[in-house]
Amino acid sequence: MADKTKKKDPVLSLLSGTFAGAVEGIATYPTEYVKTRLQLQAGGKLQPGEPRFTGPIDCLVKTYRHHGFFAIYTGVGALAIGNAAKAGVRFLTYDQIANLLRDDQGKLSGMRSLLAGLGAGMTEAALVVTPSETIKTKLIHDKNSPTPKYNGLVHGTKAIIKEEGIGGVYRGVGPVMARQGANSAVRFSTYSTFRQWLQTWHGDGPLPATHTFAAGAGAGIVTVYTTMPLDVVKTRMQGLDARTLYKNSFDCLLKVVKANGIFSLWKGTTPRLARLIFSGGIVFTVYEKTYDLLGKAAGKA
């Protein structure tokens, strides 16, 4: 994003976003695992023999003690592949919608950036995020049950589809689209605002990686606190017991609040905050640097 007024090449957007998503997903996965485990117990019901965690550190310690270090990476394959795909779709969709919404001077206002982010988030949710996160959540939930039945990503995916049909990997599509739309709308518009402030402070020329990382991290903080309730409902709707516990997303929301209070909708905030601070910094920085490098290689920079 060296030139914020220049229209983006769709191929470069897709390639840069895909690479950035893969790097970010693998680097931050342990925080995603902890967040998911804490949210799965937010509904108040546990699998027989499943431990209850008092917080992120307790979750890490008990997981390591009972299942070993690599259990913290349960479901990483689904998330890494899904993250690469969704980031590619996200940046491609955002850049192309932004291209259409730019004014005659090539500038993009904060509201138009928010609209482009909303469109990008809902598109990635429908195409990529729902199936990849549903599989990841079910694998994590199953791993911590007393009698696990899934043996890795491929076996687990086949088993889920065999048991529940293709709808089994699209569990919670409503809250996922709501969350991803809100996430991207807030994230892109906030990032653009922070980036403009830093550009003004820095002066002419491309921003250094430290500045883009700071803008992305700041956008991640804002995104976490504004969209956390949607994330909790999404996770609960994708658990192994969702079909028997909840009629729909609204019913899930009411039951979670009734069981544990309104603040349970921010369950898992700390690990998600840790993840989005770093993921925001990583994904925007890697995307921008990769786009610039690919642009120079293609003679489009």
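Me: Before we start, what counts as a helix or a strand here?
Reply: Helices are DSSP runs of H or I with at least four residues, and strands are E runs of at least two. Keep in mind that this is a predicted model.

Me: Okay. So how much helix and strand is there over residues 111–197?
Reply: That stretch is 82% helix and 0% strand, with its end C-alpha atoms 16 Å apart.

Me: And what about residues 207–293?
Reply: There you get 80% helix and 0% strand, and the end C-alpha atoms are 14 Å apart.

Me: Switching to the inside, how many residues does the largest nonpolar core have?
Reply: It has 18, and Phe91, Tyr94 and Phe284 make the most contacts inside it. Helices H1, H3, H4, H6, H7 and H10 each give two or more residues to this core.

Me: Which helix gives the most?
Reply: H10, with 6 residues. Another core, of 10 residues, lies apart from that one and includes Tyr29, Tyr33, Leu40 and Cys59.

Me: Now the surface. Which residues make the nonpolar patch?
Reply: Met111, Leu114, Leu115, Leu118 and Met122 make it, and the patch covers about 420 Å². Leu114 sits in helix H4, residues 110–143.

Me: Last one: what follows helix H2?
Reply: Gly68, which has a positive phi near 90°. H2 itself covers residues 56–67 and reaches 16 Å from first C-alpha to last, close to the 16 Å expected.

Definitions and conventions
Residues are numbered from 1 along each chain as its sequence is written. This is a predicted model: local features need pLDDT of at least 70, side-chain atom pairs count only at pLDDT 80 or more; totals for chains, interfaces and linings use all residues. Side-chain values use heavy atoms; hydrogens and water are left out. The expected span of a helix is 1.5 Å times one less than its number of residues. Patches are made of residues with over 30% relative accessible area and no salt bridge: like charges are joined within 9 Å, nonpolar side chains (Val, Leu, Ile, Met, Phe, Trp, Tyr) within 5 Å. Accessible areas come from the Shrake-Rupley method with a 1.4 Å probe; for residues, only the protein chains shown count as cover. A salt bridge is a side-chain nitrogen of Lys or Arg within 4 Å of a carboxyl oxygen of Asp or Glu. A nonpolar core is a set of buried Ala, Val, Leu, Ile, Met, Phe, Trp, Tyr and Cys residues joined through side-chain atoms within 4.5 Å. Buried means under 20% relative accessible area, exposed over 50%, partly exposed in between (1.4 Å probe, protein chains only).
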